[in-house]
Structures are given as C-alpha cells and as structure tokens.
Amino acid sequence: MSTSSIRPSTVGLRLGTDGAKPRLGGLDMRWWWTIGWLVGCAGVEMSEEPTAPPEAPQQEQLARVEAPPPAPSEDKVMSPAAERGLALATDTHRLLPDNVGNDLVCTSCHLENATRPKAAPWVGVTDRYPRYRKRSGKVDTLQERINGCFQRSMNGTPLATDSEEMAALVAYAEFVSEGVDGVDMPGAGMPRITSPEPPNAARGQHVYETQCMACHQANGEGLTLPDGQLMFPALWGDGSFNVGAGMARLDTAAAFVKWNMPLNQGGTLTDQEAYDVAAWFTVQQRPDLEGKEGDWPNGDKPADARY
C-alpha cells in the first residue's frame, strides 16, 4: 500500500519535546515511525471477531473516537504508567524482546496509538472486559486478552499478569478509554464485510502487488528502519503473526484491510478486493501455534479458522 500516502496522523497523542507529559492531540514526529501502520497483529478491538457497526452511535462518542479534541487539555495528562504503556505498545518488539517472537508491535494492528476507529482501537476496551470469548471458551480478563496477543500476534510468550509491563498497558488502555462508554461504542473493532463472490487468491496477489507490496515488500517481510524501529509489519514469514492470530483469519483480515488499507486510504478498496487480498496473504507461510488444538473448546469454531 503506497508509501506516497504516508503523513502524520491527526489523531492520537502529542508527546511534547519540552519535557511535558503526553497529552491528547497531534502526534509528535519521534513517535510517527514507531507506529505499525498496516496489518500484523491479531487484536480485533481486543475482541475475537469483527463487529457489526452500531445502528445509532451517540454523537459524543463519535467525537471522542473519530476526531481529535479541539485543544490539548491538562486534565488528560498521562500517568507515568500510561506513558510507559504507550511506549510498550508502539515499540513492543524492542522493549519486550523476551515476550515478542517476531518483528511486530501492538500498533501494527491497533493503529494511531490504538485510537483509530475501525482499526481495533483500545478506546473503550476497559468497559468490554471481562467478557466471554468463543476461542477460549470462558470469560477472559483484559490481561488475558492482552496475553493472547503476545502469544499469537507477537508469536511470543505472555507477560506476568502482575508485572509492571502489564499494568502499564492496562493503564494506557484506561487512559484512552476515560470518559467513554465502550460497551456499544461506534468505531470499536472492525465492521464486518462480506465477499460478493468467493474470495480469489489469484486476484488477491494482483491487488497485493499493486496496492500493498511497496510497503510490505515482495515477500511480505515488511520494512524495518536502520535503527531497528518497525515501519511496515511483516504479513507472513517468521517475522509475522502466527496461525493462531485473529489476523490469520480470512474474515478478520478482510475487514481490517477494507477499513484501513492502503495506508490513509481506508475504504477505497472494494469488499471483493479486500477479501481477495486477504485470501492471498493469510494462507502464506507463517509460524505455527503450539496448543492451538485447545481453541474453541465448545465446538463453535468459525468457518475461517486456519486450523
């Protein structure tokens, strides 16, 4: 998806260069490169499946999720724990090398510092957990959901639930969720789409080559800057998410692509193109997941599961 479309975001967090605490507002350029722009992790609004768009969103919720506030507000200053959580979310593979087994970061999927609507935002997620999830067959806590991403999206190992790192990620989720009713929040997750025709991987390869390859590279390996910061995440191969990740599922990947790709041109691909390209990259080689046979223990496995 074209590199010519890259521009600083207008939604997210300002990290001041004058020593001030991070505030809601524009995005400082030193964090711009650390955001994972495209597909790469399994989050899906910290939910297992794409969500249908709500019928009657409340205007104040739309404003909170879909637009920046009119000016930075001192009462939105992040705590040190939330600030640390933001750093972990945007530079995960470098800051947590013992827990991340690939080249991805949390914001590879949760775009714009995990605030972009229809890109699995963390905004409001603290209201949506604990919740029952079909994949685990039980009620999961937010900490368990985060660890699911570490094991699947990051192809790594879970954080200790009582660790400072886990507390920091939760603190950041709480910060961006402040004042939001997240239960039926517009922009949560990714609105589901349908494929007009059966997905066609051959057509999808053409979409990938013309719309995606400039960023994700010819072999899906993504692009990392010389200093080790992730610019564009790997879509397959050893540096990408494993088969147990939500983004390895056709329906999930198609919804993410539809609403967010090409970069800053979300919604420009047709539903068919989104499904076709997802059919192409989701079946490419990627790491396996040990213990995947324990998923969906109640027998309600989705049709697009990879195993």
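Helices are DSSP runs of H or I with at least four residues, numbered from the N terminus. Lys258 lies in one of them, helix α10 (residues 250–260). The model described here is predicted. Its protein chain contains 11 helices and six strands, and 55% of its 307 residues count as buried. Among contacts in the chain between residues at least 6 apart in sequence, 73% join residues at least 24 apart.

- Beyond its neighbours within four places in sequence, Lys258 is in contact with Ile193, Gly266, Gly267, Leu269, Thr270, Asp271 and Ala274.

**Helix α8**

- Helix α8 comprises 14 residues, 164–177.
- Because 10 of its 14 residues are buried, α8 is largely enclosed by the rest of the structure.
- The buried residues of α8 are Met166, Ala168, Leu169, Val170, Ala171, Tyr172, Ala173, Phe175, Val176 and Ser177.
- Gly179, which follows α8, has a positive phi, near 80°.

**Packing of α3 against α8**

- Two packed helices are described by the angle between their axes and the distance between the axes.
- Helix α3 (residues 80–90) packs with α8 at an angle of about 100°, and the two axes are 7 Å apart.
- Angles of 65 to 115 degrees count as roughly perpendicular, and α3 and α8 are therefore roughly perpendicular to each other.
- On the α3 side, the contact is made by Ala81, Ala82, Arg84, Gly85, Leu86, Leu88 and Ala89. On the α8 side, Glu165, Ala168, Leu169, Ala171, Tyr172 and Phe175 take part.
- By class, the contact of α3 with α8 has 10 nonpolar, one polar and two charged residues.
- Ala168, Leu169, Ala171, Tyr172 and Phe175 belong to the α8 side of this contact and are also buried.

**Salt bridges**

- The structure holds 11 salt bridges. Side chains of opposite charge can pair when their charged atoms come close.
- Glu112 forms a salt bridge with Arg116, with the closest N and O atoms 3.1 Å apart. Glu112 is buried at a relative accessible area of 8%, and Arg116 is buried at 10%.
- Glu144 forms a salt bridge with Lys138, with the closest N and O atoms 3.0 Å apart. Glu144 counts as partly exposed at 33% relative accessibility, and Lys138 counts as partly exposed at 36%.
- Asp295 forms a salt bridge with Arg152, with the closest N and O atoms 2.8 Å apart. Asp295 lies in the segment after α11 (271–281) and Arg152 in helix α7 (residues 142–152), so the pair ties together parts that are 143 residues apart in sequence.
- Asp295 is buried, with a relative accessible area of 11%, and Arg152 counts as buried at 12% relative accessibility.

How values were computed. Residues are numbered from 1 along each chain as its sequence is written. This is a predicted model: local features need pLDDT of at least 70, side-chain atom pairs count only at pLDDT 80 or more; totals for chains, interfaces and linings use all residues. Side-chain values use heavy atoms; hydrogens and water are left out. A salt bridge is a side-chain nitrogen of Lys or Arg within 4 Å of a carboxyl oxygen of Asp or Glu. Buried means under 20% relative accessible area, exposed over 50%, partly exposed in between (1.4 Å probe, protein chains only). Helices (H or I, at least four residues) and strands (E, at least two) are DSSP runs, numbered from the N terminus. The expected span of a helix is 1.5 Å times one less than its number of residues. Axes are lines fitted to C-alpha atoms, for helices over the stretch in contact, and angles run from 0 to 180 degrees between N-to-C directions. Angles under 35 degrees count as roughly parallel, over 145 as roughly antiparallel, 65 to 115 as roughly perpendicular and the rest as oblique. Contact means heavy atoms within 4.5 Å. Ala, Val, Leu, Ile, Met, Phe, Trp, Tyr, Cys and Pro count as nonpolar, Asp, Glu, Lys and Arg as charged, and the others, Gly among them, as polar.
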